[in-house]
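Please examine the sequence and the three-dimensional structure shown below. The briefing that follows treats helix packing, sheets and individual residues in turn.

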Amino acid sequence: MSERIEVEGCDTIPKLFWHQVTARADRTAFREKDLGIWRGTSWRQYGERARAVGMGLVKLGLSHGQVVSILAETIPEWLYVDMGTMAAGGVSNGIYPTDSAKQVEYIANDSRTRFLFVENEEQLDKYLEIRERCPDIVKVFIFDMEGLADFKDPMVMSFDELMQLGRDYDQASAGLWEKLVASSKADELALLVYTSGTTGPPKGAMLSHRNVIFQISNADAFIPIGADDEQLAFLPLCHVAERTFTAFLPLRSGAIANFAESVETVPDNIREVAPTTFFAVPRIWERFYSGIAIRMKEATWIGRTAYGWAIGLGLKIAEAELEGRPASALQKFGYRIADWLVLDNIKRAIGLHRVRYAGTGAAPIAPDLIKWYRALGVDMREVYGQTENCGLATGMPDRIKLGTVGVTAPRTESKISPEGEILLKGPHIFMGYLNQPEKTAETIRDGWLYTGDVGYLDNEGYLKITDRMKDIIITAGGKNITPSEIENQLKFSPYISDAVVIGDKRKFLSCLIMIDYDNVAKHAQDTNVPFTDFASLCRAKEVVELIGAEIDKVNQNFARVETIKKFRLIEQQLSAEDDEVTPTMKLKRKFVNEKYKGMIDGMYAEAV
């Protein structure tokens, strides 16, 4: 692993960024695909473009502490604005590109956004719909002008025009940029990260430069990334996890980010890039596994037999490793053969054959899924954290314990409250929620962050998360049940995309299921099940029986009181644009319970 640039003396993001630009100069910072070719951008170019953005904003009147919002997919321009804004003394804020115009209006007004960057005509339309109700916005900039050549509006400027304005102002203001960078202070607000809002309107979490710099320097304990590493950037940069991996950690490591063309092209792009580090939310890891599981069902007898033999050897090696004992020489030899003949081909089919570090976080994941990847030869490790602690709270050391999220990060503290809630303390704890002092006071007490997660620390200091406090189900019989464990096992099925277990104050557990459309549709086609659309697929008797069989398999792992007695399929193909789903594709439990109340009540009206 190449030597990192240390952070000593660089106590803010702009100082560290400019230090990296100067030190790494012509080394590649990131790549994007253009006309079928992956083209690199150097740290020098990265710095020049961020500088042009920052100076352009200053010329247009950006004052210290004012908010600049970015409404765009994960593209390099996002980083130019992010770094340019903070270096110019502004506060950077991301808005999910899947947000509706109404949601954009809420965040723009709550944050008092002064300048807004939009990706294209589609995102510009959202602003135009709400402009009269967002009086704080004084200028809007467009990255991609396709379809807007004849569009004229005094409030709107192309990104290229802003860059040229910034370059001209920079030439006329010698030394101003360096002065702005040097004047940034560690304890000042650097960025806002609006939470996904699973229980209500999103809250603007305020993160300081100190929060981010501490996490950059602290991440080595769990995330071994160096300058010769490459990663794929595709999750929303509004999310603290992707922001950390794509924007912040490279400020120390120098790792290269490769920008996926779109979320839809991730499977192709990961095979092309073959990253050495890869972080993804559980939904992505589940999809990769489902693809292989379905492919194996369709394989020849020889193919299925070879896969079963190879993954079986891999599981034995993984289990020995997890139990802290050495695998036998015969097992190791057999595994090398299995990897050469079978497993390496599977890793190449996914694009993970060069991965040295694979991370999962932001939502619970089934331990069996981690074990499968480790059997494949992918060093997958779970990390835990929240926006409110700037991303990383715990991670796996060399010894991995499945079912836990690892040990507490260095130079931080964790403990469990008398109610079982996980509490965190350290330099990574956020400044509070913007405009919400009462919520802040509820969340930070005596320096401790009340995470809202329930769990316990075992005798070796490994943290086990059982569920969210608000999600724990207490049945009519008084039994406490943590639904996430059941839901994780259900999502391990290639036919189930997501699940919400229901049963609070009820006599038994029921479940709403969101099917994996691609895999279920293929199963229906292969078994001659007729369907015309998503809803008719969900209503097909054979599909209901298929999902029922998957639920029965999971039920075998739980006590009778914890088994699913009834289920229904959500007959709508949900995406991040839908109210039921967060931008990171987690079903909103409270919203789902309210929207599908009739369907839920119907299950309990039936005899069991």
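Axes are lines fitted to C-alpha atoms, for helices over the stretch in contact, and angles run from 0 to 180 degrees between N-to-C directions. Helices (H or I, at least four residues) and strands (E, at least two) are DSSP runs, numbered from the N terminus. This is a predicted model, in which local features need pLDDT of at least 70 and side-chain atom pairs count only at pLDDT 80 or more, while totals for chains, interfaces and linings use all residues. Residues are numbered from 1 along each chain as its sequence is written, and side-chain values use heavy atoms, with hydrogens and water left out.

**Helix packing**

- Two packed helices are described by the angle between their axes and the distance between the axes.
- Helix 13 (residues 301-322) packs with helix 14 (residues 329-350) at an angle of about 125°, and their axes are 9 Å apart.
- That angle makes helix 13 oblique to helix 14; angles under 35 degrees count as roughly parallel, over 145 as roughly antiparallel, 65 to 115 as roughly perpendicular and the rest as oblique.
- The crossing of helix 13 and helix 14 is left-handed, a term used if the near helix is turned anticlockwise from the far one by less than a right angle, with right-handed used if clockwise.
- Contact means heavy atoms within 4.5 Å; the residues that make it include Trp309, Leu313 and Ile317 of helix 13 and Tyr335, Leu341 and Ile346 of helix 14.
- The residues of this contact divide into 14 nonpolar, three polar and two charged; Ala, Val, Leu, Ile, Met, Phe, Trp, Tyr, Cys and Pro count as nonpolar, Asp, Glu, Lys and Arg as charged, and the others, Gly among them, as polar.
- Helix 1 (residues 13-24) and helix 8 (residues 209-218) pack at an angle of about 50°, with their axes 9 Å apart, and are therefore oblique to each other.
- Ile13, Pro14 and Leu16 of helix 1 meet His209, Val212, Ile213 and Ile216 of helix 8; the residues of this contact are six nonpolar, one polar and no charged.

- An open sheet of four strands has the order 2-1-11-10, with mixed pairing; two strands pair if DSSP finds at least two bridges between them.
- Strand 2 (37-42) and strand 10 are the edge strands, and each pairs on one side only.
- Neighbouring strands of this sheet are turned by 25° against each other on average, direction ignored.
- Strand 1 (residues 28-34) pairs with strand 11 in the parallel sense over three bridges, and arginine 31 stands opposite asparagine 258 in strand 11.
- Helix 2 (residues 43-59) packs on the sheet, where it touches strand 1 and strand 2, and its direction makes about 70° with that of strand 2.
- Helix 3 (residues 76-87) lies across strand 1, strand 2 and strand 11, and runs at about 145° to strand 1.
- Strand 10 and strand 11 (residues 256-259) pair in the parallel sense over four bridges, and leucine 232 stands opposite asparagine 258.
- In a regular strand the side chains alternate between the two faces of the sheet.
- In strand 10 (residues 230-233), Glu230 and Leu232 point one way and Gln231 and Ala233 the other way, and all are buried; buried means under 20% relative accessible area, exposed over 50%, and partly exposed in between (1.4 Å probe, protein chains only).

- An open sheet of three strands has the order 12-13-14, with parallel pairing.
- Its edge strands are strand 12 (277-280) and strand 14 (380-382), each of which pairs on one side only.
- The twist averages 20° from one strand to the next.
- Strand 13 and strand 14 pair in the parallel sense over three bridges, and glycine 359 stands opposite arginine 381 in strand 14.
- Threonine 360 has its place in strand 13 (residues 357-360) and is buried, with a relative accessible area of 0%.
- Leaving aside its neighbours within four places in sequence, threonine 360 is in contact with residues including Phe279, Trp285, Met380 and Glu382.

**Strand 5 and its partners**

- Strand 5 (residues 113-118) is mostly covered, since five of its six residues are buried.
- Strand 3 (residues 67-71) pairs with strand 5 in the parallel sense over five bridges, and the bridge partner of valine 67 in strand 5 is threonine 113.
- Strand 5 and strand 6 (residues 139-142) run parallel and are joined by four bridges, with phenylalanine 117 opposite phenylalanine 141.
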